[in-house]
Amino acid sequence: MTTPSETPATDLSRPSWLRPLWHRKLAQDIDAICQTDLHLDGAALMETAGRHLGQIALEEWANSEIEGPVVVLCGSGNNGGDGLVAARFLNGYGVPVSCYFVCEDSLKISRLCRRQHSTWLALGLPLMDYKPGVLKEQHGANPILGLDAIWGIGFQPPLRPDALGTKALQELGELNLVGVVAADVPSGMAVDLFEQQTPPPLPATITVTFGDLKPAQVVSPGRTVCGALEVADIGFPVQARTLAISGEPEQLLYADPDQLLGDD
């Protein structure tokens, strides 16, 4: 796994300390190029992302020294698929996991998420459909670690107060949390907007972001709800990043202070 200061700046000719931020369209373009132009398996990328996520959650759970479970909230998109992989990874290491599927419309489950959902059930692992009140009923006042994998970079505001995902995040936030690990971004945070958006329902203590940093992760107020940032290299090839970035007439650039100051 990489940290923000260790991630390669870019594949174009610019200083190593200057990196493009992956706004929503750029991140989606890179992912699409990987699968359509370079014929990479999207499920393989998801597997890698979920394992990075699971590894961080495993470390947080072990460091917290709690006996309670990791409570995983999985949405019906690719972010939820990442969460299901992470939950499977944790289960494989003997960590108690309580996994909830947060889905308002079964017709809108992404292809990759549906595949992970099927794998989870084929392994005979328990997966509960989230309904308001179930988290308090199941976990009470016991200390737990939360894993937020409901919405990722595809989220577009406004945040609906009556959305099932919003209710799930709010309910999780009312439990006895020792921490929250977010998949890519805290759910409900629009990665391209810095102001005038409703704050995410559940701030993260650690955000594991895939590929590279997103704009709202380095600019307030978004930065304040991400907690510690971990950048996970999940296998996006140099060619995909270069091709997608070269097609952007305007780029948001981030000066990495550690590399700028020569901090190895």
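1. Pro221 sits in the loop between helix 7 (215-218) and strand 8 (228-232); helices (H or I, at least four residues) and strands (E, at least two) are DSSP runs, numbered from the N terminus. The bond joining Ser220 and Pro221 is a cis peptide bond, with omega about 5 degrees. This is a predicted model, in which local features need pLDDT of at least 70, side-chain atom pairs count only at pLDDT 80 or more, and totals for chains, interfaces and linings use all residues. Residues are numbered from 1 along each chain as its sequence is written, and side-chain values use heavy atoms, with hydrogens and water left out.

2. The peptide bond from Pro157 to Pro158 is also cis, with omega near 10 degrees. Pro158 belongs to the loop between strand 5 (144-149) and helix 6 (164-173).

3. Asp184 is not a glycine, yet its phi is positive, about 75 degrees. Its place is the loop between strand 6 (177-183) and strand 7 (206-210). Asp184 is buried, at 8% relative accessibility (buried is under 20% relative accessible area, exposed over 50%, partly exposed in between; 1.4 Å probe, protein chains only).

4. Glu65 has a positive phi near 55 degrees and lies in the loop between helix 2 (42-64) and strand 2 (70-74). At 72% relative accessibility, Glu65 is exposed.

5. Rings of Phe, Tyr and Trp (its six-membered ring) pair if their centres lie within 6.5 Å; planes under 30 degrees apart are stacked, over 60 edge-to-face, and the rest tilted. The count by this rule is 3 aromatic pairs. One of them is Phe89 with Tyr93, tilted, with centres 4.8 Å apart and planes at 40 degrees. Phe89 is buried at 9%, while Tyr93 is exposed at 55%.
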